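Thanks for coming. Please have a look at it first.

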Amino acid sequence: DRLNSERWGIDNPSNTLSCDEGILFQYTLKHFLLLNNAMRHHSFFYFILVAGEICLCQSFFATTTLVSRLLRTTSLAISSSTSKGISSYLPSDTYNSLPKDGEVVYLHTMIRSMDLQATMNFFEAIGLRETRRKESESGRFTLVFMASVSGAPEIEITYNWDPEVFAEPSRSMGHLAYGVDDIYALCDSLQAKGITILRPPRDGRMAFIKSPDGISVELLQKGAPLEPREPWASMSNTGSW
């Protein structure tokens, strides 16, 4: 790749680095690369690419801009290094240690459950895992939080210990949505666990299922749609979602 204004927002680099500036920059870059060595490999390769572009840069302004970008990328990599996955952007304690930066941050969606274990089994089949829970003896309820990985936005499953029966969810509550690596493989796995694929992935891109409590969940293929494949290509819809 090459340094250009579209990628980095730098126009017409001109002023060359002084000797002292160059030494200071090399020292800084060296230590950031050493730090990143302990992180995930794909992040390390990205840093190597950035380093290569910096070496080609002759402008002090451009260099400091790239170092600033390097700092921001390193900070993000450090914050997510303990929780793999591109969906992670929250700390492990969610909102408690979030900085006050003027931005609103999406945290979770709360859904209710009549049978906690059945609801958890459903979301585990999709690929979510329990991240934390809270039991309240006085309130007689359990809260279970689940997410794709620690640090990703969560669903909060609220289970009241006293039995209750829910009405059919209103259409104003649309659906939850998750991106998946292989929509065919996941739908095969869900079917094997007794979960009905209400809207089959005929187009290799989208499917719908429902939780035991009637919550509609959309599954979307990451990247380009997969080639149509049987039995999905000719499978009809079932019910509503």
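This is a predicted model: local features need pLDDT of at least 70, side-chain atom pairs count only at pLDDT 80 or more; totals for chains, interfaces and linings use all residues.

What does the ring of W241 pair with? Its partner is F208; the ring centres are 5.8 Å apart and the planes stand at 25°, so the pair is stacked. F208 itself has 6% relative accessibility and therefore counts as buried. In sequence the two are 33 residues apart: F208 is in strand β6, residues 206-210, while W241 is in the segment after β7, which covers 216-221, so the pair ties those parts together.

The search of the whole structure gives two aromatic pairs. The other one joins F122 and F123 edge-to-face, with 5.0 Å centre to centre and 90° between the planes. F122 is buried at 4% relative accessible area, and F123 is buried at 0%.

There is also a charge over a ring: R132 lies over the face of F145, 3.7 Å from the ring centre.

Now the whole chain. The protein has six helices and seven strands, and from the N terminus the order is α-α-α-α-β-α-β-β-β-β-α-β-β. Of its 241 residues, 35% count as buried. Among contacts with a separation of 6 or more, 59% are between residues 24 or more positions apart. The accessible surface is about 14,500 Å², and carbon and sulfur atoms account for 54% of that surface.

Terms used
Residues are numbered from 1 along each chain as its sequence is written. Side-chain values use heavy atoms; hydrogens and water are left out. Helices (H or I, at least four residues) and strands (E, at least two) are DSSP runs, numbered from the N terminus. Buried means under 20% relative accessible area, exposed over 50%, partly exposed in between (1.4 Å probe, protein chains only). Contact means heavy atoms within 4.5 Å. Accessible areas come from the Shrake-Rupley method with a 1.4 Å probe; for residues, only the protein chains shown count as cover. Rings of Phe, Tyr and Trp (its six-membered ring) pair if their centres lie within 6.5 Å; planes under 30 degrees apart count as stacked, over 60 as edge-to-face and the rest as tilted. A charge sits over a ring if NZ of Lys or CZ of Arg is within 6 Å of the ring centre and within 35 degrees of the ring normal.
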